[in-house]
Amino acid sequence: MPQIETILTPALFYLHSRGLIEKQVVVIDILRATTTMVVAYENGAKNVIPVESLEDAMKHVAPGVVLAGERNGVKVEEFDLGNSPQEFTRDVVEGKTIVISTTNGTKAIQACEGAKYRYISSFRNITAMVNQLIHNNCDVLLFCAGWKDKFNLEDTVFAGAIADKLAENGFEINDDATIMARSLWLLAKPDLAGFLANASHVKRFKTLHIESDLDVCLKFDQYSGVVKL
Ligand code: 3SL
């Protein structure tokens with residue numbers, strides 16, 4: 001049976017970089033990068049291109065391209081959009097190519113470039129993601145983007161939610177990180193927002209006055225597609 005492992009922070013990625021070619025990786029940045037990218041597809045974006053640096057993003061400037069990005073949660077001044085999912089409305093993104101660079105999410109996405117399959121996901125397409133992973137039927141790496149190489153609760157809880165569903169479908173949990181993530185998910189499940197209320201990035205949201213994004217990021221199954229890079 002396929003195995004599941006979880007990378008709790010990008011600082012631990014080096015331990016998993018070998019054998020990537022045989023694995024399906026799900027990059028997770030619930031607040032907010034991977035949620036925002038899912039929302040862009042929900043609202044008809046033609047393509048979303050995650051890039052690590054702001055300089056790389058600038059290289060894509062062209063008609064029909066929307067530049068998006070933040071650093072430390074704040075919109076990059078010269079870009080069209082920040083990283084709030086609420087900015088990625090249909091009238092802004094439909095039919096467009098979105099080039100996005102974020103503090104942690106897009107960095108993690110780049111790191112696992114050699115994987116057999118590379119996905120990004122969020123609660124907004126969790127069921128579609130799980131079904132796709134089951135269909136692919138190979139080892140899964142759940143890659144939490146964290147915050148500046150630190151562990152975070154929201155990405156770990158989402159990894160646990162995916163692991164829980166996969167385990168119910170016969171996938172084997174193969175490391176303590178995934179056991180912990182699944183246990184956290186089972187604790188969080190009855191009141192996800194309450195569980196995350198004291199999470200460091202939720203506190204940062206308050207400082208940045210972007211709390212209204214939280215609701216959007218914690219909504220389940222708004223999109224029935226998967227986002228494969
Ligand atoms: O770090 C990231 O990739 C972002 O999602 C962080 S923020 O929510 O835009 O602050």
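I began with the ligand. Of the 13 residues around it, the nearest are Arg32, Asn83, Thr102, Asn104 and Gly105. I note here that the model is a predicted one.

Next I looked up polar atoms that face oxygen atoms of the ligand. For Asn104, I found a polar side-chain atom 2.6 Å from an oxygen atom of the ligand. For Asp29, a polar side-chain atom lies 2.7 Å from a ligand oxygen atom. Gly105 takes part through its backbone: an N or O atom there lies 2.7 Å from an oxygen atom of the ligand. I then checked the ligand's surface. Taken alone, the ligand exposes 290 Å², and the protein buries 100% of that.

I moved on to Asp164. I located Asp164 in helix 6, which covers residues 153-168. Is Asp164 buried or exposed? The relative accessible area of Asp164 is 6%; buried means under 20%, so I wrote Asp164 down as buried. Leaving out residues up to four places away in sequence, I listed what Asp164 touches: Arg182, Trp185 and Leu186.

Which residues make the nonpolar surface patch of about 330 Å²? I found Leu12, Tyr14 and Leu15. I looked up Leu15 in particular. Leu15 sits in the loop between strand 1 (3-7) and strand 2 (24-28). The relative accessible area of Leu15 is 55%; the cut-off for exposed is over 50%, so I recorded Leu15 as exposed.

Terms used
Residues numbered from 1 in each chain as written. Predicted model: local features only at pLDDT ≥ 70, side-chain atom pairs only at ≥ 80, totals over all residues. Heavy atoms only, no water. Helix = DSSP H or I, 4+ residues; strand = E, 2+ residues; numbered from the N terminus. Buried < 20%, exposed > 50% of the residue type's maximum accessible area, 1.4 Å probe, protein only. Contact = heavy atoms within 4.5 Å. Patch = residues over 30% accessible without salt bridge, like charges linked within 9 Å, V, L, I, M, F, W, Y side chains within 5 Å. Areas by Shrake-Rupley, 256 points an atom, 1.4 Å probe, with all protein chains shown as cover. Salt bridge = Lys/Arg side-chain N within 4 Å of Asp/Glu carboxyl O. Near = heavy atom within 4 Å. Polar contact = N/O pair within 3.5 Å; in protein donor to acceptor, adjacent residues only side chain to side chain.
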